[in-house]
Amino acid sequence: MRTKTMKLEGKVALVTGSSQGIGQAIAIRLAQEGASVVINYRSHPEGAEATLAQVKAAGGKCHMVDGFTLQGDTGSLADVQRLVSESVDHFGQLDILVNNAGIEKNADFWNVTEADYDAVMNVNLKGIFFAIQAFVQHCMAVSHPGKVINISSVHEELPFPHFAAYCASKGALKMLTRNLSVELAPLGITINNVAPGAIETPINTKLLNDPTKLNALLQNIPLKRLGQPADVAAMVAFLASADADYVTGTTLFVDGGLLWNYQEQ
Ligand code: NAD
């Protein structure tokens, strides 16, 4: 019976950028596991509302499962602090922080503008840094353990030419997670990265519409398919659960084997 397998009953999770793509799938999966979810969006309330409807449906008979949508730009320090505080105000607790929101900008390195560099770093690194800080301050204030899960990328390891700022941000996120795993362990807070490979989401619309590039990519994926948002969400659900209590400071890859099958063209 489903109630027996619910791993996150009574927990509250904040999932950034959950109006579409991987974040949406994470919000729904955490709700299926019994968590209440704060659904963050920057500029698409309709997407967030769609997530909320599915979160409520996913909760099914578990009346504990609830959710609400919360606007906020995760590239803004003030906004990430507000996201954490409003989540706590609404539910009276916050147990799980999933830093999913992320952006990428495609340009030759020699043409990258300061504005694009800042945009990527603000969302993919600075906002995450301070969201974790606000979450940790909350956990400390209530003497409660917590779980932080960052959605990184295979590009925390693997070069991605023409996406230098993106790779720099994800590489930094790897080191941030390693560092904080040591510093936060005495507080009972675990922190891990989930690193997706090529997942079928709107961030990859251009690639998905280019059969030549798509086929070349599929050749590099040992499991010979793109990942689905639900593949990533399953790993997040594991890391958010007590099953992963002894897992911290690491990166778990969800990439169909892509990372270790890179071949020179
Ligand atoms: P997506 O573009 O479909 O979704 C990203 C979400 O983040 C959107 O809902 C967007 O509104 C939100 N977002 C962006 N900037 C924001 C901001 N400033 N404030 C609040 N929300 C913001 O992309 P996705 O594929 O679902 O990506 C989710 C995460 O997974 C990202 O961190 C991305 O780097 C990572 N990732 C994706 C893939 C992939 O192949 N799709 C691969 C590796 C890593």
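1. Let's start with the ligand site in this predicted model. The ligand has 29 residues around it, and those that come nearest are Gln20, Asp73, Tyr166, Thr201 and Asn204. For glutamine 20 there is a polar detail to look at: an N or O atom in the side chain of this residue sits 2.8 Å from an oxygen atom of the ligand.

2. Asparagine 100 places a backbone N or O atom 2.8 Å from an oxygen atom of the ligand. Isoleucine 199 also takes part through its backbone, with a polar atom there lying 2.8 Å from a ligand oxygen atom.

3. The largest nonpolar core has 33 residues, and the members that touch the most others are Ile26, Leu30, Val37, Val98, Ile149, Val194 and Val236. At least two residues of this core come from each of strands E1 (12–15), E2 (36–41), E4 (96–99) and E5 (146–151), and likewise from each of helices H2 (21–32), H3 (45–59) and H9 (229–240). Helix H2 gives the most, with seven residues.

4. Setting aside neighbours within four places in sequence, valine 98 is in contact with Leu14, Val15, Thr16, Ile26, Leu30, Ile149, Ile151 and Val236.

5. There is also a second, separate core, made up of 26 residues. Val80, Ile128, Ile132 and Phe135 are among them.

6. On to the aromatics, where the structure holds three pairs. One of them joins phenylalanine 129 and phenylalanine 130: the ring centres are 5.0 Å apart and the planes meet at 55°, so this pair counts as tilted. Phenylalanine 129 is partly exposed at 40% relative accessible area, and phenylalanine 130 is partly exposed at 22%.

7. Another pair, phenylalanine 160 with phenylalanine 163, is stacked, with 4.0 Å centre to centre and 15° between the planes.

8. Finally, the cysteines. How many disulfides does a search of the whole structure find? The search returns zero.

Conventions:
Residues numbered from 1 in each chain as written. Predicted model: local features only at pLDDT ≥ 70, side-chain atom pairs only at ≥ 80, totals over all residues. Heavy atoms only, no water. Disulfide = S-S within 2.5 Å. Core = buried A, V, L, I, M, F, W, Y, C linked by side-chain atoms within 4.5 Å. Buried < 20%, exposed > 50% of the residue type's maximum accessible area, 1.4 Å probe, protein only. Helix = DSSP H or I, 4+ residues; strand = E, 2+ residues; numbered from the N terminus. Contact = heavy atoms within 4.5 Å. Phe/Tyr/Trp six-rings, centres within 6.5 Å; stacked < 30°, edge-to-face > 60°. Near = heavy atom within 4 Å. Polar contact = N/O pair within 3.5 Å; in protein donor to acceptor, adjacent residues only side chain to side chain.
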